[in-house]
Amino acid sequence: MSEKTIPLPWTNVYGLARTLVALGTAGTLAASSAEALFRPVATVGVYPLCDSTTSASLFCLAPDNYSHLTWLKWGCVAALLIVASGWRPRFTALPHAYINYSVFAGIAIVDGGDQIALILSVLLTLPALGDRRRWHWQPDHDRTTDTTAGRALAVVGVSALAVLRLQMVVVYLQAVVAKLPHQEWQNGTAMWYWGNNLEFGPASWLDTLIAPVISTPLGVALMTWVPLVIEGSLAVCLLLPQRLRWWAMGAGIAFHLAIALTMGLWSFALAMSGGIVVLCLPLGSTIHVSTTQRPHPDDAGPDDAGPGTVPEPKAEPGSAPMPQAQPR
């Protein structure tokens, strides 16, 4: 297998995914007290349960002791912030996955964000273990796959990212398929019931903006059907050309941020956004942020294209092009 046929997984795309997933879990732990995270659940017991496989959770080191659980919780937050910073991915990958497992197995009320964060952190461990960079934001121009070990690490890393993409496809496909059989999603009224639900509806300050929208037939229909379109586009994202994947990625991230804003599911939004980044961008691609300064008109020379013209940066091989603004 030649080097050119193996996309190198060690880019800032998978690094951004690691950061978002780690920040989601860190936010859950930081914003919740130990008493809220580890509490008795009727017919189940007192969390952390620490029986069978859940006994491997980090929080089983101090069950039934809220003072010690609080110290463990903040220790996990500190470790997750190091992961999110991007420092030494191959050293922080396994602690990241273990902390996510401990949260999933140890806290009393687990939501979809904790579940997907665990899955993504495990899959992101495989490329991270072969990542020799100091920071996962740095380019890895010196990495080659001339050796057997290098090719093996590249294949394992890219394969894990490919599985991660398939996992995201399954998540969104299931989300769409589960909604379609219900009449409320078919006729466009589902969001009316959500908006008027006292337990799961929007906060009072946001209700003043949402209530007028869901009170009109067109408004409630758009709020019901647009999420279906976004989730459907992400489910078929791998079949779309790259220029449409950019739009799907932007719509998906905006969709989850809107859910976080209205329902408070920030950890879920961050974890899903991390998965969307890997899903929508090409394997082995790099996100480039332009740092070119716009020249002053007085500094333009005779060979310049014109006052205020910024030369278009050249994309590196294998990089994902940023969307360009089109003239109206």
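The protein exposes about 17,900 Å², and carbon and sulfur atoms supply 65% of that area. Accessible areas here come from the Shrake-Rupley method with a 1.4 Å probe, and for residues only the protein chains shown count as cover. The model is a predicted one, in which local features need pLDDT of at least 70 and side-chain atom pairs count only at pLDDT 80 or more, while totals for chains, interfaces and linings use all residues. Residues are numbered from 1 along each chain as its sequence is written, and side-chain values use heavy atoms, with hydrogens and water left out.

Of the 328 residues of the protein, 41% count as buried; buried stands for under 20% relative accessible area, exposed for over 50%, and partly exposed for anything in between (1.4 Å probe, protein chains only). The fold is built from twelve helices and two strands, these being DSSP runs numbered from the N terminus (helices H or I, at least four residues; strands E, at least two). Reading from the N terminus, the order is α-α-β-β-α-α-α-α-α-α-α-α-α-α. As for contacts (heavy atoms within 4.5 Å), residues 24 or more positions apart account for 74% of those with a separation of 6 or more.

Helix α4 makes a handy check on geometry. Its 18 residues (89-106) should span 26 Å at 1.5 Å a residue, and the end C-alpha atoms sit 25 Å apart, which agrees; the expected span is 1.5 Å times one less than the number of residues. The buried residues of α4 include Pro89, Thr92, His96, Ile99, Asn100 and Val103, with Gly106 also among them. What covers the buried residues of α4 includes α1 (12-30), α3 (66-85) and α5 (112-129).

Cys50 counts as partly exposed because its relative accessibility is 25%, whereas Asp64, at 63%, counts as exposed.

The structure holds one disulfide, and it joins Cys50 to Cys60 with an S to S distance of 2.0 Å. Cys50 and Cys60 are ten residues apart, each in the loop between β2 and α3. The link of Cys50 and Cys60 is left-handed, with -110° about the S-S bond. Cys60 is buried, at a relative accessible area of 16%. Cys76 also counts as buried, at 1% relative accessibility. Cys280, by contrast, is in no disulfide, and the nearest cysteine sulfur, that of Cys237, is 3.6 Å away. With 0% relative accessibility, Cys280 counts as buried.

Salt bridges (a side-chain nitrogen of Lys or Arg within 4 Å of a carboxyl oxygen of Asp or Glu) come to a count of two. Arg133 pairs with Asp131, the closest N and O atoms being 2.8 Å apart, and both Arg133 and Asp131 are buried. In the other bridge, the side chains of Lys179 and Glu231 meet at 3.2 Å, N to O. This pair links distant parts of the chain, with Lys179 in helix α6 and Glu231 in helix α10 (residues 217-235), 52 residues apart. Lys179 counts as buried because its relative accessibility is 17%, and Glu231 counts as buried at 6%.

Trp135 is found in the loop between α5 and α6 (148-179) and counts as partly exposed, at 32% relative accessibility. Val155 lies in helix α6 and counts as partly exposed at 35%.

Definitions and conventions. Disulfide = S-S within 2.5 Å.
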